[in-house]
Protein chains: 2
Amino acid sequence: MGGDNAPSIVVKGADMARRRFPGVNFLMFGDEQRILPLMKRRKRLRAITEITHTDDVIANNTKVLDALRKGKKSSMQLAIDAVREGLAVGVVSAGNTGALMAMAKLALRTMPGIDRPAIAAILPTMRGESVMLDLGANLECDAENLIQFALMGDVFARTVLGTVSPSCGLLNVGSEEMKGHAEIQQAAAYLRQMEATLNFQGFVEGDNIAAGTTDVIVSDGFTGNIALKTTEGTARLIKEFLSDAFHSSLPSRLGYVFARRGLRKMRDRIDPRRYNGAMFLGLTGIAVKSHGGTDAFGFANAIGVAVDMAANGFNEKITEGLEAFGDFEQGPLEAAAS
Amino acid sequence: MGGDNAPSIVVKGADMARRRFPGVNFLMFGDEQRILPLMKRRKRLRAITEITHTDDVIANNTKVLDALRKGKKSSMQLAIDAVREGLAVGVVSAGNTGALMAMAKLALRTMPGIDRPAIAAILPTMRGESVMLDLGANLECDAENLIQFALMGDVFARTVLGTVSPSCGLLNVGSEEMKGHAEIQQAAAYLRQMEATLNFQGFVEGDNIAAGTTDVIVSDGFTGNIALKTTEGTARLIKEFLSDAFHSSLPSRLGYVFARRGLRKMRDRIDPRRYNGAMFLGLTGIAVKSHGGTDAFGFANAIGVAVDMAANGFNEKITEGLEAFGDFEQGPLEAAAS
């Protein structure tokens, strides 16, 4: 029931995902009176979907504490509970990010060695694709959080993106060693000592994200969220300017007609719907957050992310990967001090 | 002597600025042996330029404290001193941002009511242009800093951009009132009370920057710096993808030829060199920071920013504007409490 156009995009997205991922089936939680009519002409989807009715919904402006306290019967909580109870392999929601994270963290718990889960997403870059985290789960992060994000990002890039020895960078206001505040300085100092196991490249700047300078970009959630949305805004602005350019004269219009196919391919390359589906890393269950304003195609991609994670045994690999970092569980900073 | 290609781009940029701003003249500080050869074929520039030789340079990786302690004879410090002594109306540098800010703050001092100066820049948006601050002077900001930035941004938009009742937004991870950390919450609570004098629109998100949702965007320096550079990186990525699109087939190449003029106009609209020259707001003297990697055209634009600020009596207007906010000088938060 979450996001700007629920449950319509959820049902339509599930129908698209059904065709793309044979064998998948759905548990839907929400207002049956609104979901069932959407199912009418989707017999195949209906056949693989179990609907659990609930009136209760977490609104986008519901505070996290209220969601936790009063939302026990909400569609969001019920969907997460289904993962905890093993009825579903993962949960996908386009709803309130803060509430989803808090509920998922309580119900699914964090992996050994991880204090706080992080929101991660794959981004298109000049060199291919990179993974960036945290994108908004943790507004304020200490050094230990950032270190844990780096380790999770490393395992993610190796297992999901298939990168050998992924390079990792800490998002900062400069690449020089002395740049940035205490937390980021402390995290970098620790990560530099890990060179045997982690390919840490030091600090990266905002423009390094799109450049693909490193395979993993680590950030606190406040900065990461704003950087991600700034990317979206800039892409939209340039698209608008580009459209103006092609409408500016008759030759330009003609030019567009000739270049159309190439331009469509380009548009697809940066289509935010293609990259929809941010993963909550560090939880023992799979939880994927869809952009609230996406459409059915975007929501289907978010479902695809959850399916991929389940099919690849992603959480098991993250857990193994974290164990491989050795004495990590006792807390990286204490381990460094000992 | 600062930036990636000094003193060459500085001299060439000054020569461009000379043609654009009749009556301007320059004091240059740096290595005479490297500056003079560049002047050889620039007799007109030479005639309006006074060169003061110094061997000492602040490097880009010099720590701020070292710059302050050991850089008394550096080209940067001498240029700032010239402003303090009234020999120059403003200083323009492509060098170490942190050192420039620290030196300028010490030598030029902050305006009454301003604790910390901020770096501001004008950005192209869907609706025209907006001003954003802070872009990196203050990595950690408390509520009072953010409030002061909002007031300075407001005066800036009114005097430089000519906006009537400029709208102002605080950069955050969501537009809902409860979003964000304590500092930003406290700043918003205060700014909301100022509706009689300030057109505060609440929180804005990363994608609102390029959308031009508000005329002024206020941020702490860490986030602002990363958002600005993310914008640059995204623009570069799309430019690259666009180039690929036009090279992808013969019709696409032909399309480019037809659309070329319109596309050039678009490229100019987002050319970062056009927007080069970040202003240090809140100081009693004019100081402009050029991008370190810019070229002569970009550096000439940074000089243009300083010339504009001087010609429009910008600092006087900011001071007046801040006074007009009434009991502001006693500190906004205490004023709110009283």
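1. The cut-offs explain the label: buried means under 20%, exposed means over 50%, and partly exposed is in between. This is a predicted model. F258(B) sits in helix α11 of chain B.

2. Two elements give two or more residues to it: α11 (250–269) of chain A and α11 (250–269) of chain B.

3. Now the two chains. Chain B superposes on chain A by a rotation of 180°, with 0.0 Å of shift along the axis. The RMSD is 0.0 Å. That is the relation of a two-fold axis. In chain B, G255(B) has the C-alpha nearest the axis, at 1.8 Å from it. Both copies use the same surface: 100% of the contact residues of chain B recur in chain A.

4. Helix α12 of chain B runs over residues 296–311. Its 16 residues, at 1.5 Å a residue, should span 22 Å. The end C-alpha atoms are 22 Å apart, so the span agrees.

5. Which residues of α12(B) are buried? They are A296(B), G298(B), F299(B), A300(B), N301(B), A302(B), I303(B), G304(B), V305(B), A306(B) and M309(B).

6. What covers the buried residues of α12(B)? The cover includes helices α1 (8–20) and α13 (314–324) of chain B. It also includes strands β1 (26–30), β3 (90–93), β9 (278–281) and β10 (286–289) of chain B.

Terms used: Residues are numbered from 1 along each chain as its sequence is written. Chains are lettered from A and ligands numbered from 1 in the order in which they are written. This is a predicted model: local features need pLDDT of at least 70, side-chain atom pairs count only at pLDDT 80 or more; totals for chains, interfaces and linings use all residues. Side-chain values use heavy atoms; hydrogens and water are left out. Copies are superposed by least squares on the C-alpha atoms of residues with pLDDT of at least 70 in both. Contact means heavy atoms within 4.5 Å. Helices (H or I, at least four residues) and strands (E, at least two) are DSSP runs, numbered from the N terminus. The expected span of a helix is 1.5 Å times one less than its number of residues. Buried means under 20% relative accessible area, exposed over 50%, partly exposed in between (1.4 Å probe, protein chains only).
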